[in-house]
Amino acid sequence: MSLPPANRIRLPFITQRPSDGGCGLYVLQMLTGKPFDDLAAMVEWRDKGSLHMAWAEMTKVLADLGLPHDGPHAVNTWDDVEGLAIVHVADDHFMLYDADNQVFYDPWEWTGPSTQSTRLPFSYVRVTPPTK
């Protein structure tokens, strides 16, 4: 994994490891800086025993947070992703990608962010982060 220069890192990196669930919440946490439990309380969970999110839950939380977003847009390559985006990738996983700076924030990784990813993107939602 190759780390990006500090001037290209726009968001804090938070790993979900060693947990194997909750990637969507960790992505939202990196994006907003809000506590994990506060974000989890905002989700209308289909399965109360799981932290699995789909686009419907993700976009509802984004709307509830007042974060401008669009999509989801279907994609085949990372080159198709625009702006700062929440990306749904192979293995039913969410991560952030800052296409403007070519920086990947994958909560499944132990460290990050990175300038490369081996994951295959399926769709994305472009999002505007809150101003600090």
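Predicted model: local features only at pLDDT ≥ 70, side-chain atom pairs only at ≥ 80, totals over all residues.
Strand β3 spans residues 93-98, and six of its six residues are buried, so the strand is largely enclosed by the rest of the structure. In a regular strand, side chains alternate between the two faces of the sheet. Both faces of β3 are covered, with His-93, Met-95 and Tyr-97 buried on one side and Phe-94, Leu-96 and Asp-98 buried on the other.

Strand β2 (residues 84-89) runs antiparallel to β3 and is joined to it by six bridges; Leu-84 has Asp-98 as its bridge partner in β3. Three residues separate the two strands in this hairpin, where Asp-91 adopts a positive phi near 75°. Strand β4 (residues 103-105) is also antiparallel to β3, with three bridges between them, and Phe-104 of β4 stands opposite Tyr-97. The hairpin of β3 and β4 has four residues between the strands, and Gln-102 takes a positive phi near 55°.

Seven salt bridges are present in the structure. One of them pairs the side chains of Glu-82 and Arg-126 (2.6 Å, N to O). Glu-82 belongs to the loop between β1 (73-74) and β2, and Arg-126 to strand β5 (residues 121-126), so the pair ties together parts 44 residues apart in sequence. Asp-91 forms a salt bridge with Arg-119, with 3.9 Å between the closest N and O atoms. Because Asp-91 lies in the loop between β2 and β3 and Arg-119 in the loop between β4 and β5, this pair links parts that are 28 residues apart in sequence. Asp-91 is exposed at 69% relative accessibility, whereas Arg-119 is buried at 15%.

Definitions and conventions
Residues numbered from 1 in each chain as written. Heavy atoms only, no water. Buried < 20%, exposed > 50% of the residue type's maximum accessible area, 1.4 Å probe, protein only. Pairing = 2+ DSSP bridges. Salt bridge = Lys/Arg side-chain N within 4 Å of Asp/Glu carboxyl O.
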